[in-house]
Amino acid sequence: MLGFVLLLSSRDNKDTRASKGRQTENGLKISQSGKCHSEMAGSTDIIIVGAGVAGSALAYALGKDGRQVHVIERDLTEPDRIVGELLQPGGYLKLVDLGLEDCVNEIDAQKVFGYVLYKDGKNSHLPYPLENFHSDVAGRSFHHGRFIQSVRLEQGTVSSLIEEKGTVKGVQYKSITGQELTANAPLTIVCDGCYSNLRRSLCNPKVDIPSCFVGLVLENCKLPFTNHGHVVLADPSPILFYPISSTEIRCLVDVPGQKVPSISNGDMAQHLKTKVAPQVPPELYTAFIASIEKGNIKSMPNRSMPAASHPTAGALLLGDAFNMRHPLTGGGMTVALSDVVVIRNLLRPLHNLNDASSMCKYLESFHTLRKPVASTINTLAGALYKVFCASPDPARKEMRKACFDYLSLGGIFSSGPISILSGLNPRPLSLVLHFFSVAIYGVTRLLLPFPSPKRMWIGASQVSCPKNDSGVAQFPRGNKEELPTTPSMADNQTADRALQMSQNRKCQLSKIAETADIIIVGAGVAGSALAYALGKDGWQVHVIERDLTEPDRIVGEYLQPGGYLKLLELGLQDCVNGIDAQQVFGYILSMDGKNCKLPYPLENFHPDVAGRGFHHGPFIQKLRQKVASLPNVKLEEGTVGSLIEEKGTVKGVKYKSKAGNDQTANAPLTIVCDGCHSNLRRSLCIPKVDFPSCYVGLVLENCELPFSSHGHVALADPLPLVFYPISSNEVRCLVDVPGQRVPSISTGEMARYLKTVVAPQVPPELYTAFLASIEKGNIKSMPNRSMPAAPYPTAGALLIGDAFNMRNALTGGGMTVALSDVVLVRNLLRPLHSLNDASALCKYLESFYTLRKPVASTINALSDALYKVFGKSTDPAREEMRQACFDYLSLGGIFSSGPISILSGLNPCPWCLLLHFFAVVTYGVMRLLLPFPSPKRMWIGARMILGASGIIYPIIKAEGVRQMFFPVTVPAYHRTTPVNLAKENKILK
């Protein structure tokens, strides 16, 4: 952050231009040609190596105090850098102290009055606490290079320090003309930036490069909040925006690690468009894309280096050559200017600098005096970067969320941290207080109302993870410099507004709870999507979810294209943006070393229509955020214990709130979608749950699938293995283990099973990553459930989602069925203006159970049938059917596109399913009988037909033959809107 050179005052600049090579009125020696060095050498008090922020400001300050100063800078041309462009208010106060405040004038510098923090579509306004300061005090952002051109110091490259008996006497340097020269002075101050070649003899440089900044300039656009910096808590790390002129905005994209995609071959542009752009605020999206297209993309590594100096007689280290921190908080220039003020104040009482030993001991106090300010800002920068980065660790995720919510509380909770970040109140104790307040706030949220072992573990991990690498803030003894007076931290008007808004929102939510039209139990995929759809249609909706923290599951991570189309229909397609979701364009089926490519038939759809693989938790949280954004929807955390029934009609629910209070909620319609573990479904359906197998889940990291952007299904022994991408660097592996009992994970039996039985059947490209994932130990398992829909029509209640109907997870059809059901329920309720006639509503909603059948039953039947066909068997007929299925799909054309269009949800037609199923059987039997049938083959063929019938018919029977294939013959299919509930009837009245 210490890259730009501050202007000398305008009067001194005029003198500089007018007389090259002479001494200015304030004692600063300047030369462009390299002449007059003998005069300088004889009279120089201080040599300053480097004319960046620290070097130029220090030279001006010491020159004003009458010191003879010789400044040598390696390059006096105008720099073009992507950092060193944001000066915090605390840094501006140091400029005022040094008399350099006019250096931000006439360069189109923009005032900055605070930050806006973005996370998951929400924003938090964090203004600087400037109430007790002059109106001119604010942050400043500007172009880095516009300060340089009017400054003409000596240009030269310093190669080494001149040392005699452990004391630095001056420097050796090469002038702009190529002459080897020396310069001598009692004190040499090295501030030659982050690339310093002199610091090794003056400190112990431990440079860390946690990430790189990729810089763009967005033109002719406006920030969502004018005169504010914008920080987006993106995945995997933050994105920054701030104005640098009246028409330009700087965008800095943080890319973790030292290696970034290549700019020259277009990889960086592709990364910015596909990974970063979807997370950019909508107001800046067009300008962001235009800037990428323009091609002026730059990158630079972000360095962090704690101050660890060797006290050396005759020399002092300053600026980025001495101490660096992550530039996320823009604190570099504030630290540099604060250090300049400390050095100026230390040198002011001295009239002679020639006693090197005494000077060295005296200047050791600089390293202590600077600590409160420097270490506080350094620590905050390093800690915030780690907290703000996305992480798969639940504790780190919770801390990131807690930090955002803590700052969103307003009042002291935002003004306190922002006063530290701005350099207005850089006190170490305040930093520690707020940092651990965030951690305690996060832990308390986890433990209330009832602490579970998992939450306690996450809370303990959260408390143990606050660490920093910036050095411990030290408390000086006998500090000669008084710290800036702390401004008032309380913005009364902002606090009052926040309180009023909070009270209004609470009143509104309380009103919804009292007058709700619909109660939805569960805020998973089905519950959240339905709440959003009904809320958009104007219904008053009360959603009660047992746990609103981000779920961590190994299924619910794959959305078929048909499900994505339903998301589009519901207006929820943006929920797969910003979570590193991966597009999937089909499947690869592997058997006995052969591959069969099965692309989705997407030719007639928009390019954005495809499958999506993602982490389950972030997707659910995105859905919940959409729900929470609607003013007529109340999303509440609570555990529903039972339904409230009166004379056979459901009137609402009894639940325990997050605070542990027993409460009731009433509404004309209660929709139960509380997932596969539902405790409410027994009174609403006949739950016949089957557990054919268990899934064991692993995450393979930093590997590539054999066919990118495709799901992979390996027909292994005994059951299939499934692979699909869930982020840009992670692949989900699901191992199907027969039965309800699986090898123990805790004792290591599962790891041994995976290594010995499963690993040899894994595709070679994934083998190493598969073993590495096992060694990492993050193995999870969950049972595969199958449950046909068998509802009891109940007045005042409806059942939906996994609480109502489940199928084998092999084909990833669960979310497609759930979203299809949501669309159907929304469409059925749209014509109604009232839900108060429970009996009429119950009869009307019976049509839901029939209308959903063609789509839901087709996907259910295909999933369960494929699971049985793809499983390894010792029966020759079943093995022949397995081989026939693989070969049938390998034929291509209609033989692959037909089945895959059913599986994808693009054409969930039950008749097509039946046709292709028996086409596979016929294909397998014909292969057995041609060219010459033998008794053995005929017998296998007959058993194959019987086996196929034994697979498909029980599935169809459970789903309902009439409802699945002939729904128009079911009376409920033709139910019309009840007259007394219809909107048209309300209009007539």
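Visitor: Which residues does Gln-621 touch, not counting residues up to four places away in sequence?

Guide: Gln-621 touches Leu-548, Thr-549, Glu-550 and Pro-551 once residues up to four places away in sequence are set aside, where contact means heavy atoms within 4.5 Å. Please keep in mind that this is a predicted model, in which local features need pLDDT of at least 70 and side-chain atom pairs count only at pLDDT 80 or more, while totals for chains, interfaces and linings use all residues. Residues are numbered from 1 along each chain as its sequence is written, and side-chain values use heavy atoms, with hydrogens and water left out.

Visitor: Why is Gln-621 called buried?

Guide: Buried means under 20% relative accessible area, exposed means over 50%, and partly exposed lies in between, with a 1.4 Å probe and protein chains only. Gln-621 has a relative accessible area of 15%, and is therefore buried. This residue is found in helix 17 (residues 616–628), helices being DSSP runs of H or I with at least four residues and strands runs of E with at least two, numbered from the N terminus.

Visitor: How do you know whether Gln-155 is buried or exposed?

Guide: Its relative accessibility is 17%, so Gln-155 counts as buried.

Visitor: What makes helix 11 largely enclosed by the rest of the structure?

Guide: Of the 10 residues of helix 11 (residues 412–421), 8 are buried, and therefore this helix is largely enclosed. What covers its buried residues includes strand 6 (114–119), strand 7 (122–127), helix 9 (371–388), helix 10 (394–408) and helix 12 (428–447).

Visitor: Why is helix 15 called roughly parallel to helix 20?

Guide: The axes of helix 15 (residues 525–536) and helix 20 (residues 814–829) come within 9 Å and cross at roughly 30°, the axes being lines fitted to C-alpha atoms over the stretch in contact, with angles running from 0 to 180 degrees between N-to-C directions. Angles under 35 degrees count as roughly parallel, over 145 as roughly antiparallel, 65 to 115 as roughly perpendicular and the rest as oblique, so helix 15 is roughly parallel to helix 20.

Visitor: What joins strand 21 to strand 25?

Guide: The two strands run antiparallel and are joined by 2 bridges, and strands pair if DSSP finds at least two bridges between them. Leu-559 stands opposite Arg-612 in strand 25.
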